[in-house]
Every structure is written in structure tokens, then in C-alpha cells.
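Q: I would like to learn how to read a sheet and its surroundings. Could we work through one case together?

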Amino acid sequence: MSKAYILLADGFEEVEGLTAVDLMRRAGIEVVMASIKDDVNITGARGIKVIADTTIDEIDADADMLILPGGMPGTNYLKQSDKVKDMILKYNEAGKYLAAICAAPTVYGEMGLLRGKKATCYPGLEAGLLDAMWPGESETVVRDGQFITSRGVGTAIDFALELITVLIDDKKAEEIAKSVVY
């Protein structure tokens with residue numbers, strides 16, 4: 001079974017994070033929500049309280065994928081965390097999948113990891129992708145090698161289905177899309 005970690009910070013965009021968790025779990029992927037704080041209680045950007053499964057201190061680079069939801073100020077907290085940066089570098093060095101949506105692709109961009117790769121993000125934040133190649137507004141989800149990026153709340157289902165495609169296959173993603181009437 002495939003496994004993914006999603007890193008949650010206070011101020012994360014709930015739809016982006018929880019849509020990925022929900023659809024991936026429906027597909028049979030083990031998705032672990034990890035708080036980047038010392039406790040599991042997280043409050044999203046819209047004030048929705050979430051109890052993460054664990055904390056970043058309890059996880060390692062043993063999953064197939066690391067996912068960053070966007071939202072503000074959640075994305076800024078991801079950028080400020082040395083633990084998050086260390087985890088990202090472990091996944092990058094191991095060639096494992098690194099996914100991000102909305103503002104969160106700028107975390108990878110500002111670390112210099114998207115240099116020369118195609119990537120997308122929330123409109124207006126493209127400068128944070130630094131040396132990535134922005135494909136334009138028409139692409140809601142962009143996959144380039146180990147990186148999967150998406151634009152925002154309105155693309156959350158497309159993003160989650162792409163993560164399922166990457167970790168399982170197109171057939172499973174289509175099955176999940178149909179099951180949620182998408």
C-alpha cells in the first residue's frame with residue numbers, strides 16, 4: 001500500500017488539505033496528517049479545527065509522498081520551519097514525490113527545488129516559484145518528475161486525483177472521481 005504524509009500548519013487551507021486526505025484514503029492510500037507543531041491540534045485558515053494523526057517529530061522519509069497544502073498563514077509557517085525544510089530535503093534527495101497546492105509550491109520554489117521544472121501555484125504568487133517554468137493558467141495540476149503542483153481550492157479535487165494517479169494509477173483515480181460524482 002502507498003503511503004503519504006501531509007504536513008499541517010495553523011492557517012492551512014482546509015479544502016486543499018482535507019480533500020487530498022479524503023480522496024486518497026478512499027483510494028486505499030495510507031495518508032498521515034502530521035502537525036508541524038509540537039501538538040496535534042491545528043486550526044485551519046477558516047477556523048476549522050483539525051486533530052492531526054501525529055507530529056512532524058514522529059515521521060520520517062518512509063512514505064512515498066510528502067504533501068503541502070496552501071493557505072495563509074499556513075504556507076508561511078511551512079517556510080519558517082527548519083523541520084519542514086529538513087523533511088523536504090530528505091524526500092527530494094530520495095527522489096520521492098513532493099506535492100503542493102495553492103501558495104505551498106512556493107516553499108519548494110524558494111528552496112530552489114523547482115529550478116528548471118514546470119510548476120504552478122496560486123495566481124499572483126508565481127514569483128515564488130523562482131526559476132520554475134510556469135505553464136500558464138490553463139493547467140490546474142502540473143507534474144514534472146517528482147514534483148506535483150496545483151493552483152488552489154478550486155483545483156483541490158484535480159490535485160487529489162493526480163496524487164492517486166501517481167501513487168496507484170489512472171484507473172483508481174477515475175474510480176474515485178466517479179464515486180464522488182466528479
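**Reading the sheet**

A: Let us begin with a single pair of residues in this predicted model: Asp144 has Phe147, in S9, as its bridge partner. That pair belongs to the antiparallel pairing of S8 with strand S9 (residues 147-150), which extends over four bridges.

Q: Which helices pack on the sheet, and which strands do they touch?

A: Helix H3 (residues 82-93) touches strand S1 (3-8), strand S6 (65-68), strand S7 (97-101) and S9, and its direction makes about 140° with that of S6. Helix H5 (residues 156-167) also packs on the sheet, touching S1, S6, S7, S8 and S9, with its direction at about 175° to that of S7.

Q: What is the order of the strands in the sheet, and which strands are at the edges?

A: The sheet is open and has seven strands in the order S5-S2-S1-S6-S7-S9-S8, with mixed pairing. Its edges are strand S5 (54-55) and strand S8 (141-144), each of which pairs on one side only.

Q: How does S7 pair with S6 and S9, and why is S7 described as largely enclosed?

A: S7 runs parallel to S6, to which four bridges join it, and Met65 stands opposite Tyr97 in S7. S7 and S9 are likewise parallel and joined by four bridges, with Ala100 having Thr149 in S9 as its bridge partner. Because four of the five residues of S7 are buried, the strand is largely enclosed by the rest of the structure.

Q: Which residues form a nonpolar patch on the surface?

A: The patch consists of Met72, Tyr122 and Leu125, which together have about 270 Å² of accessible area. Tyr122 lies in the loop between helix H4 (105-110) and S8, and counts as partly exposed because its relative accessibility is 43%, a value between the cut-offs of 20% for buried and 50% for exposed.

Definitions and conventions:
Residues numbered from 1 in each chain as written. Predicted model: local features only at pLDDT ≥ 70, side-chain atom pairs only at ≥ 80, totals over all residues. Heavy atoms only, no water. Pairing = 2+ DSSP bridges. Helix = DSSP H or I, 4+ residues; strand = E, 2+ residues; numbered from the N terminus. Contact = heavy atoms within 4.5 Å. Axes fitted to C-alpha atoms, helices over the stretch in contact; angles between N-to-C directions. Patch = residues over 30% accessible without salt bridge, like charges linked within 9 Å, V, L, I, M, F, W, Y side chains within 5 Å. Areas by Shrake-Rupley, 256 points an atom, 1.4 Å probe, with all protein chains shown as cover. Salt bridge = Lys/Arg side-chain N within 4 Å of Asp/Glu carboxyl O. Buried < 20%, exposed > 50% of the residue type's maximum accessible area, 1.4 Å probe, protein only.
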